[in-house]
Amino acid sequence: MSAATTAPEVVARTRRHDLLGRQGGVGTVLLSLIVATAAYGFFFLPDGAGKKRVGQPYEAPSGAHPLGTDDLGRDLLNQLLVGAGTSLTLAFIVAAVTTVLAAIIGGLAGIGPRWLSATIMRGIDVMLVLPELVLFILAATFLGQSFGIRAAILALILWPVPARVLRAAVLTTWSRAHVEAARAMGAGQAWLLARHASYLLGPLLVPVFVRTAMRVIIYDATLSFLGLGDPTMPSWGTTLYWVQVNGVFLSDAWLWWAGPPGLAITLTVVALALIGTSIEDRLNPNLQESR
Amino acid sequence: MQFQGRKFATSSVAVLALILSACGGGGAAPTQPGAGKDTAESVTIAIASDEGTLTPFTNQTGYPGNNLVKLIFDTLAVVEGDEVVGLLAEEIETEDNQTYSLPLREGVTWHDGEELTADDIVFSVEFHRDNAEGDSAVDVSMIEDVSANGSTVTMVLDQPDPEFPRMVLADMAILPEHLWAGVKKVGEAGTDLAIGTGPYVLDNYDNASGYTLTANPDYALGEVKVDTIEVAIIPEESTQFAALRTGEIDISTRIVPPQQLEQLQSESNIGIVEGTEYAATLLLFNNGRPPFDDPAVRRALTQAIDTEDLVDTALLGSGTLGSPGFIHPASPMAAGDSGSPYDVDAANAALDELGAKPGSDGVRVLDGEPMSYELLVQSTSTDRLRSAELIREMLSEVGVEVKISSMESDSLDAKVWPDYDVAQGRNYDMSMWGWSAPVMLSSGLIAQLLYSDPVKGPLNVVGFSDPDTDAALDALTSEETLDGRIAAAADLEGQVAEQAPWVTLYYRDGAYAFRSDTYSGWTWQDGKSALHGFSLVDYDL
């Protein structure tokens with residue numbers, strides 16, 4: 001990263017001004033492109049794009065259908081564009097809900113009474129022991145596959161890790177000299193949080209959000225690929241599910257059928273990872289101090 | 001009942017074979033005559049899951065479990081092509097379809113060397129009556145009296161039943177009295193009880209790796225063509241077909257997915273045996289919920305659905321168009337080809353006439369409600385998912401909006417057929433559905449689909465109710481001859497087409513792939529697909 005500086009405080013400050021760095025910048029550009037694509041699919045494509053048949057089944061790429069058509073004769077490029085919207089919407093909704101959940105629960109565990117903290121932490125330990133993907137597959141099998149249910153399941157399964165991180169951050173913040181001083185002078189919890197801790201804790205929510213979004217993209221694609229998503233709703237994972245059902249990997253069609261959604265998933269995850277790690281590098285007090 | 005019949009997996013395949021024998025022509029002919037390999041030392045069959053100890057009470061599925069059991073246990077009769085012919089019985093004699101006289105063949109022995117007697121048959125009937133358990137339970141309750149006189153068995157039914165030879169004689173496994181007489185819990189029968197008179201002897205069983213069956217050296221009814229059958233358990237469909245390609249297995253008991261059919265066909269050492277499966281795929285309307293309680297609405301929606309397009313696109317052509325009267329055109333009960341009712345203009349005109357005017361978003365409004373309905377579909381059935389998507393598109397052409405809800409099949413069953421009891425009602429607008437072949441092929445089961453009274457119509461999952469149809473059903477089930485039933489079934493088909501309680505979309509074709517370089521004697525038998533005695537034995541009947 002940036003050149004070594006003598007005083008850690010200064011390092012932190014310069015890093016905070018340059019929140020993203022080069023790798024974060026690359027990630028942001030990538031993500032913006034993907035979001036723009038999704039927005040195009042959402043706002044400019046006609047209703048039912050990717051769901052309506054427009055050609056013969058199994059068409060190879062052509063001028064009219066740059067990525068060919070699927071087994072029903074529907075445009076694969078449209079499905080990719082519409083699928084971007086589905087995948088990103090799910091990712092951002094779940095990430096927002098998870099971040100809020102993690103902040104509340106992690107915060108309570110950090111500053112709440114000891115019994116509450118212990119209960120929450122042991123609960124989190126239990127949840128961490130359970131394999132997420134298996135849990136997710138079970139829940140999706142029994143609870144249903146609609147968009148709302150999938151979002152709820154993901155949010156409920158993904159909050160423990162960030163909650164733990166945020167609790168640690170709250171504890172660190174609470175032991176800072178200026179917070180202790182304020183507390184000694186009789187400041188209440190709410191005041192401490194609003195006036196003295198929020199500027200330290202708030203930015204930490206950004207990497208939590210970004211990392212959760214990244215995991216949602218992967219999990220959702222995994223589930224859809226296994227047929228546990230909604231196989232009638234265009235999304236990247238759904239396209240890959242139908243690729244597998246139709247045995248497309250045995251023919252050349254994988255190149256334009258499986259390749260683009262696979263690449264899209266990879267690029268999105270890479271973009272989010274770049275942003276997430278670079279922000280976290282700069283904001284997480286633990287990481288800073290270990291330098 | 002979903003997916004080839006859950007409850008009806010009970011004896012579904014075997015019963016099906018029985019019922020089916022009268023099915024004229026529909027795929028009964030063996031395809032892909034084996035070039036060369038008429039016999040083999042060893043053949044490996046892949047099945048998807050463990051089938052227990054392979055006694056008639058412990059197999060887990062109708063197909064392929066019951067098929068394997070029937071290689072070990074013979075039946076009195078067997079369906080050959082379109083005919084029911086005697087197997088253990090030399091012939092089936094009846095004057096009135098009520099009293100059946102069955103002289104047994106001589107020289108038949110059990111796998112342990114004991115001789116088969118007429119008393120074994122009497123014992124078997126009584127044992128099946130007392131122990132109607134397991135996936136493939138046979139209903140023998142209509143047999144009022146069974147007696148043995150020398151080597152002839154006589155069965156008297158409570159009323160004439162022309163379908164009895166198919167339904168019972170060709171499905172009921174005959175048990176050795178000297179081994180089974182003391183058995184109390186049939187569900188726990190071990191491999192030591194898997195002793196029949198059939199062409200194969202169960203040699204080895206391991207619930208993880210599978211079974212070894214060896215040819216019965218003393219088989220009296222014909223010549224066994226394959227010396228050893230290894231049955232391998234391979235759960236994953238794709239793994240089975242990969243194993244078939246490498247020659248690890250010699251036949252897969254799973255239907256080849258239409259998408260892979262062409263590719264497998266093009267491989268030189270792989271053969272395909274094809275035929276009609278007789279299971280029907282339907283689009284159900286909840287007849288109890290407006291506007292589906294109006295036959296005119298149901299008819300109009302039926303006219304909007306292009307079943308030919310579904311077969312061509314979702315099944316890639318490997319299926320038969322649904323008959324408006326439900327019964328498969330190749331079935332003996334079929335009234336003949338009445339053609340597809342598909343006609344978009346007529347559908348639009350009918351909806352206009354009902355007063356359903358298109359709203360601002362193009363969706364019609366009927367009686368103040370937008371014509372927008374939920375369509376349930378099983379998320380694990382790829383052809384039904386694709387069909388549901390196509391139906392959504394077809395109905396949008398006539399101004400009806402469809403919202404697809406894909407769900408796990410148990411959840412779907414709970415909405416369409418809660419607790420498998422139609423008296424509990426139902427909670428859906430439209431749903432994709434399937435009935436297994438026996439349901440279509442037995443007049444008694446067809447009646448159960450349509451009777452408005454839940455007691456007489458335990459399969460009426462659409463909540464259909466129509467007095468004229470009830471009368472047609474009474475006429476059908478009281479007919480005492482097969483010809484009479486066929487004529488009555490034709491009337492019924494007309495009623496069903498007129499009332500459109502559901503849309504019969506298509507019947508999938510069966511296609512099974514085997515290694516022709518190992519053994520190519522596999523033939524198609526309706527209701528049993530390729531895994532049955534005629535594929536493995538040169539019968540001398």
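Two strands pair if DSSP finds at least two bridges between them. The model shown in these views is predicted.

**View 1. Four strands of chain B form an open sheet.** The strand order is 4-5-7-6, and the pairing is antiparallel. Strand 4 (93–94) and strand 6 (143–149) of chain B are the edge strands, each pairing on one side only. Strand 6 of chain B runs antiparallel to strand 7 (residues 152–157) of chain B, and six bridges join them. Ser147(B) has Thr154(B), in strand 7 of chain B, as its bridge partner.

View 2. The closest N and O atoms of Arg386(B) and Asp71(A) are 2.6 Å apart.

**View 3. Glu389(B) and Arg392(B) form a salt bridge.** Their closest N and O atoms are 3.8 Å apart. The two residues are three positions apart in helix 11 of chain B, so about one helical turn separates Glu389(B) from Arg392(B). Glu389(B) has a relative accessible area of 2% and is therefore buried. Arg392(B) is also buried, with a relative accessible area of 14%. Salt bridges that share partners join Glu389(B) and Arg392(B) into one network with Asp70(A), Asp71(A), Arg74(A) and Arg386(B).

**View 4. Arg122(A) and Asp125(A) meet through their side chains in a salt bridge.** The N to O distance is 3.0 Å. Both residues lie in helix 4 (residues 114–129) of chain A, three residues apart, or about one turn of the helix. Asp125(A) counts as partly exposed because its relative accessibility is 26%. Over all chains, the count comes to 22 salt bridges.

**View 5. Tyr40(A), Phe42(A), Phe43(A) and Phe44(A) form a nonpolar patch on the surface.** Together these four residues have about 560 Å² of accessible area. Tyr40(A) lies in helix 2 (residues 21–43) of chain A. Tyr40(A) has a relative accessible area of 42%, so it is partly exposed.

**View 6. A patch of negative charge on the surface gathers residues of chain B, including Glu90(B), Glu91(B), Asp96(B) and Glu480(B).** Also among its residues are Glu106(B), Glu115(B) and Glu479(B). Glu480(B) is found in the loop between helix 15 (467–477) and helix 16 (482–499) of chain B. With a relative accessible area of 46%, Glu480(B) is partly exposed.

How values were computed
Residues are numbered from 1 along each chain as its sequence is written. Chains are lettered from A and ligands numbered from 1 in the order in which they are written. This is a predicted model: local features need pLDDT of at least 70, side-chain atom pairs count only at pLDDT 80 or more; totals for chains, interfaces and linings use all residues. Side-chain values use heavy atoms; hydrogens and water are left out. Patches are made of residues with over 30% relative accessible area and no salt bridge: like charges are joined within 9 Å, nonpolar side chains (Val, Leu, Ile, Met, Phe, Trp, Tyr) within 5 Å. Accessible areas come from the Shrake-Rupley method with a 1.4 Å probe; for residues, only the protein chains shown count as cover. Lys and Arg count as positive and Asp and Glu as negative; His and the chain ends are not counted. The place of a charge is taken as NZ of Lys, CZ of Arg, CG of Asp or CD of Glu. Buried means under 20% relative accessible area, exposed over 50%, partly exposed in between (1.4 Å probe, protein chains only).
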